[in-house]
Structures are given as structure tokens and as C-alpha cells.
Amino acid sequence: MGKASSGCFVQQTCSSLAGISRERDHMKDFRRYLVLKYIQYLVLSSSNAIITLLGVLGSGYVMLILHSARVSSKSTSVFISSLAKADLLIFISVVAELFLWTSGVAVPRTAFTPVLLQNLLTANAHISALLLSCVAVEAYLITFFPVESRRLRTVRNARLTCRAIWLLVATECVLLQADDVLKASGASPSCTSGIWLLHLSSGAAAILRAFSYLLGILLRIVNVYIYYKIFFSVSNRATVRTK
């Protein structure tokens, strides 16, 4: 009798815990995750090891949540999913660095791998900043143009936007990789076409780096403006309701 009652108690406890887990408000988790990512990419001027680690762990947790059947597929969840997947680039870079360090493999200064690992981190930062800006723009549209922007705020458009961002940043990464490898090799081409190609690659990479820097500043300004407008709009609505 005692064993049966204790067994029922354990079963009821497990059922209650499962129910609490299913009923958990994942939107709060998403908001905390987005705040962490905004601090990581759009507030801090340089990378921070602790924030980066928390961001990677948060991305893993968010990816588990998004695979849950109870999370509805919306355009915002598409952006958040792509944002979490971008941290795979950090994971790959860190694992590769640890492998090179622990295995004792001597990688020459002109090697392809170190440059690639650095460009993976750059790609992660650029993808994340653009995706966070997409989330901010969507929040702005939901707040000020909820009905008019409904046709734009679709899952299909969000997926297309994410693919375009990944494609553009991948192209950037390839161009920077080629330029960095050419510079690191230190070999001067003997033919005229090779010299022309080297100058073209260096010029394109310099323009791309300058554009990325200016775009990063612009994204910070735009995000601050958007959330400033949203905050005061919500505050004014709350004040009107209380009167």
C-alpha cells in the first residue's frame, strides 16, 4: 500500500513538472535572449568572453525551445532561430582553436586556417547585428503599423530575409578571406593580370571593411531610435489607460 501510494506521488509530481515545463512562457526567455544579444553585438564595442559564452549557451537553449511543438512559427521566431544558428560559427571557431592548441599542430603565419577562423567570428557578428535589426524593425511595424504591415510580416518573407543576410555575409567572408590569404602569403604575382587582381582584391576588401564599419554604426543608431520610439509609445498608451 505504501509503495503504491509513493509510486502515485512520484508519477503525479513528474506529470506536474512536465505540465509546468510545457506551460512556461517562452516569450520571456526570447526577450531575455534578445536583450543579451543586443548587449553583445550592438552595445559593447568589443567582444567580451563572458557575454559571448552566455550568448552561445543562450543560443543552444533557444534552439531547443524552438524545436518544441508548442512554439508557433512566426516571423519573429524565424529571425530568432537564425540568430541562434549564427552562434554555430563561434562554436566552430572555438573548437578549431582548441584543437590546434591541444594537438600541438604548428600552423604557419600564412596558413589558411587562422584567417578563416577570424573571418568566421566576423561573419557571426555581422549576421547577428543584421538579424537583431530585423527584429527591431518588425517590432516597430507591430507597434505603429500592425494592420498595414501584416502582409510584410510573414514567415516566408522572414526566411527570405534570413537567407539573403547569410548569402551576403558569406560573400563578404569569401572576399575578406581571399584578401587576407593573399596578404599573409606575401607572394608578389609575376604577371600583370596577377598584379591587377591583387590590387582589385585589396581595394574591394578595404571598401567592404569601411562599409561594414559604417553600417555597424548606422545599425546601432537605428536600433536605439526604434526602441526609443517603441518605449515612449507604450508608456504613453499605458498612461492614457490609467487616466
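Predicted model: local features only at pLDDT ≥ 70, side-chain atom pairs only at ≥ 80, totals over all residues.
Residues are numbered from 1 along each chain as its sequence is written, and side-chain values use heavy atoms, with hydrogens and water left out.

The chain has 7 helices and 0 strands, where helices (H or I, at least four residues) and strands (E, at least two) are DSSP runs numbered from the N terminus. Along the sequence, the pattern accordingly reads α-α-α-α-α-α-α. Of the 243 residues of the chain, 32% count as buried, a class defined by a relative accessible area under 20%, with exposed meaning over 50% and partly exposed in between (1.4 Å probe, protein chains only). Among the contacts in the chain with a separation of 6 or more, 79% are accounted for by residues 24 or more positions apart, contact being taken as heavy atoms within 4.5 Å.

For each pair, axes are lines fitted to C-alpha atoms, for helices over the stretch in contact, and angles run from 0 to 180 degrees between N-to-C directions. Angles under 35 degrees count as roughly parallel, over 145 as roughly antiparallel, 65 to 115 as roughly perpendicular and the rest as oblique. A crossing is called left-handed if the near helix is turned anticlockwise from the far one by less than a right angle, and right-handed if clockwise. In the counts by class, Ala, Val, Leu, Ile, Met, Phe, Trp, Tyr, Cys and Pro are nonpolar, Asp, Glu, Lys and Arg are charged, and the others, Gly among them, are polar.

Helices α2 and α3 pack at an angle of about 150°, with their axes 10 Å apart, which makes α2 roughly antiparallel to α3. The crossing in which α2 passes α3 is left-handed. On the α2 side the contact is made by His 26, Asp 29, Phe 30, Tyr 33, Leu 36, Lys 37 and Gln 40, which meet residues of α3 including Ile 51, Leu 54, Tyr 61 and Leu 66; by class, the residues of this contact divide into 9 nonpolar, 6 polar and 2 charged.

Between α2 (residues 26-43) and α4 (residues 75-103), the axes come within 12 Å and cross at roughly 50°, and the two helices are therefore oblique to each other. Here too α2 passes its partner, α4, in a left-handed crossing. The contact brings together Phe 30, Tyr 33, Leu 34, Lys 37, Gln 40 and Tyr 41 of α2 with Ile 80, Leu 83, Ala 84, Asp 87 and Ile 90 of α4, and contains 8 nonpolar, 1 polar and 2 charged residues.

The remaining pair, α3 and α4, packs at an angle of about 130° with the axes 9 Å apart, so that these helices are likewise oblique to each other. α3 passes α4 in a left-handed crossing. In this contact Thr 52, Gly 55, Val 56, Ser 59, Val 62, Met 63 and Leu 66 of α3 meet residues of α4, among them Ile 80, Ala 84, Asp 87 and Ile 90, and the classes are represented by 7 nonpolar, 5 polar and 2 charged residues.

Ile 51 lies in helix α3 (residues 49-66) and is buried, with a relative accessible area of 17%. Not counting residues up to four places away in sequence, Ile 51 touches Leu 36, Gln 40 and Leu 44; Ile 51 and Gln 40, 11 residues apart in sequence, have their C-alpha atoms 6.3 Å apart. Asn 223, placed in helix α7 (residues 192-242), counts as buried at 4% relative accessibility. Leaving out residues up to four places away in sequence, Asn 223 touches Tyr 38, Leu 42, Leu 132, Ser 133 and Ala 136. Ser 149 is located in the loop between α5 (112-144) and α6 (155-185) and is buried, with a relative accessible area of 2%.

Rings of Phe, Tyr and Trp (its six-membered ring) pair if their centres lie within 6.5 Å, with planes under 30 degrees apart counted as stacked, over 60 as edge-to-face and the rest as tilted. By this rule the count comes to 5 aromatic pairs. The rings of Phe 231 and Phe 232 have centres 5.4 Å apart and planes at 85°, so this pair is edge-to-face. Phe 231 counts as exposed at 53% relative accessibility, whereas Phe 232, at 38%, counts as partly exposed. Tyr 140, Phe 144 and Phe 145 form one aromatic cluster.
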